[in-house]
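Me: Please take a close look at one part of this model. I want the packing and the local contacts in one connected account.

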Amino acid sequence: MQDPEKYLNQLQITLPGAVDSDAAAVVDGDHKRYVNWEVFFFSSREMRGKFEGAPLEYCGVVTDPVTKVRFRPDTQSPRFDYEGRPYYFTSRATMEQFRSMPAALADPNLEMHKDPGDG
């Protein structure tokens, strides 16, 4: 989903901040960051900055964009930044596969739009 804040706000859903769960997140583009396919919202720009400085401390479980395996990345997890977003991987091999075709793997929705004749 490209802009989840639009739908969250329409439904009047309140989220806890990704860094400070005691404070409500501001659900807009300025308070949003992604890690892999997962989206995070923050209660302030200061909290967003803390997250950006140490995403592994706050992100929890993410999805490897190649294997689609859910895992908790750590400091040993391979990382590749693409279009300003950090991506973590379960292995160096999946990171290299992503690096070879990031545009095809960066968006989880692209897989749903494959041509039916592709098998």
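Reply: Ten residues make up the largest nonpolar core: Val19, Val35, Phe40, Phe42, Met47, Phe51, Cys59, Val62, Phe71 and Tyr88. The model is predicted. Take Met47, one of the core residues. Leaving aside neighbours within four places in sequence, Met47 is in contact with Val19, Asp20 and Phe42. There is also a second, separate core of nine residues, which includes Val66, Met95, Phe98 and Leu105.

Back to the largest core, which includes Val35 and Phe40. Strand 1 covers residues 32-35 and strand 2 covers residues 38-41. The two run antiparallel, joined by four bridges. Val35 has Glu38 of strand 2 as its bridge partner.

Now the turn. The hairpin of strand 1 and strand 2 has two residues between the strands. Asn36 lies in that loop.

Is Asn36 buried or exposed? Asn36 counts as buried, because its relative accessibility is 0%, and the cut-off for buried is under 20%. What does Asn36 touch, not counting residues up to four places away in sequence? The list is Val62, Thr63, Asp64, Pro65, Arg85, Pro86, Tyr87 and Tyr88. Val62 and Tyr88 also belong to the largest nonpolar core.

Key: Residues are numbered from 1 along each chain as its sequence is written. This is a predicted model: local features need pLDDT of at least 70, side-chain atom pairs count only at pLDDT 80 or more; totals for chains, interfaces and linings use all residues. Side-chain values use heavy atoms; hydrogens and water are left out. Two strands pair if DSSP finds at least two bridges between them. Buried means under 20% relative accessible area, exposed over 50%, partly exposed in between (1.4 Å probe, protein chains only). Contact means heavy atoms within 4.5 Å. A nonpolar core is a set of buried Ala, Val, Leu, Ile, Met, Phe, Trp, Tyr and Cys residues joined through side-chain atoms within 4.5 Å.
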